[in-house]
Amino acid sequence: MPDLDLASLIFKTLRVSDASRPRPVIRLGRERLPEQIRDEAMATTDRDRLQQLLAEAAHPAHQGVTLDNEWGSRRACPS
């Protein structure tokens, strides 16, 4: 029996076009979780960095996400 591996079976024996080879995996989505963005925003005082974090948090992947604030509630400020 000839040297048989999955690639040779698909591309030689079954004669599937080489152009249809799988492409590298592309990961969709954001690199960081909303909680990570919030934690960095609470720890920084640099205005430019806060603006970058705000832009990152405004990404559509984060829309509709509700996080607890630094006081452990979902309200804007403590009572």
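1. The lining of the largest pocket divides into 6 nonpolar, 3 polar and 3 charged residues (Ala, Val, Leu, Ile, Met, Phe, Trp, Tyr, Cys and Pro count as nonpolar, Asp, Glu, Lys and Arg as charged, the others as polar). This is a predicted model, in which local features need pLDDT of at least 70, side-chain atom pairs count only at pLDDT 80 or more, and totals for linings use all residues. Residues are numbered from 1 along each chain, and side-chain values use heavy atoms, without hydrogens and water.

2. Helix 2 gives the largest share of this lining, 4 residues (helices are DSSP runs, H or I, of at least four residues). Other parts of the lining include His62, Val65 and Asp68.

3. Helix 2 (residues 34-43) packs against helix 3 (residues 47-57) at an angle of about 160°. The two helices are therefore roughly antiparallel (angles over 145 degrees, on a range from 0 to 180 between N-to-C directions).

4. In helix 2, Ile37, Glu40 and Ala41 meet Arg49, Leu50, Leu53, Glu56 and Ala57 of helix 3 (heavy atoms within 4.5 Å). The residues of this contact are 5 nonpolar, no polar and 3 charged.

Definitions and conventions:
Angles under 35 degrees count as roughly parallel, over 145 as roughly antiparallel, 65 to 115 as roughly perpendicular and the rest as oblique. On a 1 Å grid over the protein atoms alone, a cavity is a set of points where a 1.4 Å probe fits but cannot get out, and a pocket is an open set with protein on both sides within 12 Å along at least five of seven lines; lining residues have an atom within 4 Å of a point.
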